[in-house]
Amino acid sequence: SKLIDRKFTKPILIELLECFKTRNDARIQELVTDEADIPTIFEYILAIIWFKVSEKRGNILEFMKLSLEANLLPKSHAVGGLADIVYEYEACEEYPKHSLLIEATLTDGKTQRRAEMEPVSRHLGEYRVKSGNPFDYSLFISTYLDKNVISDFRYRKNMPYYGIGDEKIPGMKIISLDTDTLKIIIKKSIKYRYLYGVFDSYH
């Protein structure tokens, strides 16, 4: 928490999001670390942003699926087959107990459709099969959102998902968010307690 408060202030996080969009890799490495690739750093920064949005609830080191250096900076990519970041929320007045799977990507255009459409829904489907919690959902975050990817995720609400053992999930909630919107959330200090309701209404 001290590292986050000292090294990743609001202005720095906003600058980093802009650098990811323009792919100013040298500046990203200067601000964070040169020991990890840019997609890994993107996941790391999103986890930090979401920790702040969530009012620093829970254990961020457990939520990140990254290997970290001794100085708590990233060094390797998330393990394949899992969501990039999994946040677990206890029930409160604004939302029920649930897990939020955050999927991060810097891909765009056809690459995004090919690389993300199937894994994002599969990760959530398999997670839902195991958890049995209908409130678990995914947040897909990118610097660019392909319209076909957004459309596919939106229709997952009404499409059944079948697990490995033929378990059936009647529909899934996948919310898409771009980094420009995330910058507004940071600037206005919008909290997850409010965003949960916005995402739910949008869904």
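The tour below goes from a strand to a helix, then to the cores and the cysteines.

**Before you start.** This is a predicted model, in which local features need pLDDT of at least 70, side-chain atom pairs count only at pLDDT 80 or more, and totals for chains, interfaces and linings use all residues. Residues are numbered from 1 along each chain as its sequence is written, and side-chain values use heavy atoms, leaving out hydrogens and water.

**Stop 1: strand 3.** Select residues 85–89, which form strand 3. Helices (H or I, at least four residues) and strands (E, at least two) are DSSP runs, numbered from the N terminus. Here 4 of the 5 residues are buried, so strand 3 is largely enclosed by the rest of the structure. Buried means under 20% relative accessible area, exposed over 50%, and partly exposed in between (1.4 Å probe, protein chains only). Look across from Tyr87 and you will find Leu100 of strand 4 opposite.

**Stop 2: helix 8.** Next, select residues 179–187. Which residues of helix 8 are buried? They are Thr179, Leu182, Lys183, Ile185 and Ile186. These residues cover an arc of only 160° around the axis, which puts them on the same side of helix 8; the arc is that of the directions from the helix axis to the C-beta atoms. Show their neighbours, and you will see them pack against helix 2, helix 4, strand 5, strand 8 and helix 9.

Zoom in on Thr179, which counts as buried at 1% relative accessibility. Leaving aside residues up to four places away in sequence, Thr179 touches Leu17, Phe42, Ile141, Ser142 and Thr143 (contact means heavy atoms within 4.5 Å).

**Stop 3: the cores.** A nonpolar core is a set of buried Ala, Val, Leu, Ile, Met, Phe, Trp, Tyr and Cys residues joined through side-chain atoms within 4.5 Å. The largest has 51 residues, and those touching the most other members include Phe8, Ile45, Trp50 and Tyr87. Helix 4 gives this core its largest share, 12 residues. Apart from it lies another core of 13 residues, among them Val120, Phe140, Ile169 and Ile174.

**Stop 4: cysteines.** Finally, select Cys19, which counts as buried at 6% relative accessibility, and then Cys92, partly exposed at 28%. The structure holds 0 disulfides (cysteine sulfur atoms paired within 2.5 Å).

Definitions and conventions. Pairing = 2+ DSSP bridges.
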